Amino acid sequence: TRAYYRRRTWGGRHSPDGKHLAWVGDGNVYPELFIDGEGQFGLWRGITTGFMVSPPSWSPDSRRIAVIEWTTNRDQIVLLDVGGGSESIKLPEFDELYDPAWSPDGTKIAFSALKNGTSDVYLLHLADRRVERVTDDPHADGAPAWSPDGRLAYVKDVEGRTVLHVGKEAVTKSWALLESPQWSPDGKSIVVAADVGGVYDAFEIDPATGKAKRLTRFRGGVSHPAY
């Protein structure tokens with residue numbers, strides 16, 4: 001129960017136009033989506049439906065946000081219109097959903113999902129709600145992130161060893177536990193949270209060479225870094 005009394009704010013993401021900042025926090029008891037400090041759903045949605053469990057992802061036009069909502073039956077993708085209103089997309093074929101990422105052309109959302117005990121990366125095509133599978137292997141694939149030119153990065157977990165991939169190509173060796181990749185605006189680097197020595201810090205990775213540069217050194221660690 002103490003999780004409800006420990007205030008936590010995470011997953012901060014700037015809108016592409018730079019005018020807004022969205023994050024997930026439990027300042028109103030249940031974890032919900034905040035935009036510029038204002039909760040978007042309120043306490044009763046958490047009581048009656050569920051609460052937000054993923055970082056927010058902005059549409060390219062900065063008008064909508066995708067976020068995963070945990071419910072008692074199945075997770076769902078919630079699309080929130082910044083001007084008001086929301087839509088819930090249920091995908092009953094999956095057991096759990098994670099990490100939505102809106103594509104730069106605005107036509108689809110990448111996400112990872114758990115099915116039959118294994119997580120893979122998928123694409124949700126918004127025009128017809130068709131789901132396309134991106135990865136298909138016995139390893140755990142997740143945390144998809146789009147580059148500005150449409151390349152898809154994700155983290156592959158092979159028996160506890162995590163490797164950053166761009167498409168089918170491995171970018172890094174297993175030098176740390178990696179989480180939450182995010183591309184730079186120019187598409188030349190990827191920032192990740194990496195556990196080196198028991199504490200997560202932010203590292204910048206060159207996707208062409210796999211070389212990593214440490215950006216932070218905080219005693220308490222960091223999560224969900226983003227440019």
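Guide: A cavity, on a 1 Å grid over the protein atoms alone, is a set of points where a 1.4 Å probe fits but cannot get out, and its lining residues have an atom within 4 Å of a point. This is a predicted model, where local features need pLDDT of at least 70, side-chain atom pairs count only at pLDDT 80 or more, and totals for chains, interfaces and linings use all residues. Residues are numbered from 1 along each chain as its sequence is written, and side-chain values use heavy atoms, with hydrogens and water left out.

Visitor: OK, about how many Å³ of space lies in the largest cavity?

Guide: The structure holds one cavity of 30 Å³ or more. Volume here is the space filled by probe spheres set on the grid points, which are joined across faces, edges and corners. For the largest cavity, that comes to about 50 Å³.

Visitor: Which elements give two or more residues to the lining of the largest cavity?

Guide: Start with the lining itself: Tyr30, Pro31, Glu32, Phe41, Gly42, Leu43, Arg45, Gly46, Gly50, Phe51 and Met52. Elements are DSSP runs numbered from the N terminus, with helices (H or I) of at least four residues and strands (E) of at least two. Those giving two or more residues to this lining are α1 (43–48) and β5 (50–52).

Visitor: And how many charged residues does the lining of the largest cavity have?

Guide: Ala, Val, Leu, Ile, Met, Phe, Trp, Tyr, Cys and Pro count as nonpolar, Asp, Glu, Lys and Arg as charged, and the others, Gly among them, as polar. On that basis the cavity lining has six nonpolar and three polar residues. The charged ones number two.

Visitor: Now the largest pocket: which residues are the closest to its centre?

Guide: A pocket is an open set of points with protein on both sides within 12 Å along at least five of seven lines. The largest one holds about 1,200 Å³ of space. Of the 49 residues lining this pocket, the closest to its centre are Arg13, Pro144, Ala145, Pro181 and Gln182.

Visitor: How many nonpolar residues are in the lining of the largest pocket?

Guide: Elements that give two or more residues to this lining include β1 (9–14), β10 (96–102), β14 (140–146) and β18. Among the lining residues, 15 are polar and five charged. The nonpolar ones number 29.

Visitor: Over at Ser189, which residue's side chain does it meet in a polar contact of 2.9 Å?

Guide: Ser189 sits in the loop between β18 (177–183) and β19 (190–195), and its relative accessible area is 11%, so it is buried (under 20%; exposed is over 50%, partly exposed in between, with a 1.4 Å probe and protein chains only). A polar contact is an N or O pair within 3.5 Å; within protein, one atom must be able to donate a hydrogen and the other to accept it, and residues adjacent in sequence count only if both atoms are side-chain atoms. The contact of 2.9 Å joins its side chain to that of Tyr227.

Visitor: Which backbone nitrogen lies 2.9 Å from a polar atom of the Thr162 side chain?

Guide: Thr162 lies in strand β16 (residues 161–166) and is buried, at 5% relative accessible area. The Thr162 side chain reaches the backbone oxygen of Ala176 at 2.9 Å. The backbone nitrogen 2.9 Å from a polar atom of that side chain belongs to Leu178.

Visitor: How many residues apart in sequence are the parts that Arg129 and Glu87 tie together?

Guide: A salt bridge is a side-chain nitrogen of Lys or Arg within 4 Å of a carboxyl oxygen of Asp or Glu, and the whole structure has ten. Arg129 and Glu87 form one, at 2.4 Å from N to O. Because Arg129 is in the loop between β12 (118–125) and β13 (130–133) and Glu87 in strand β9 (residues 86–90), the separation of the parts tied together, in residues, is 42.

Visitor: Is Asp120 buried or exposed?

Guide: Asp120 pairs with Arg133 in a salt bridge whose closest N and O atoms are 2.7 Å apart. Arg133, at 41% relative accessibility, is partly exposed. Asp120, with a relative accessible area of 1%, is buried.

Visitor: What is the relative accessible area of Asp201?

Guide: Asp201 forms a salt bridge with Arg214, the closest N and O atoms being 2.8 Å apart. Arg214 lies in strand β21 (residues 212–214) and Asp201 in strand β20 (residues 200–205), so the pair ties together parts 13 residues apart in sequence. Arg214 counts as partly exposed at 30%. Asp201 is buried, its relative accessible area being 1%.
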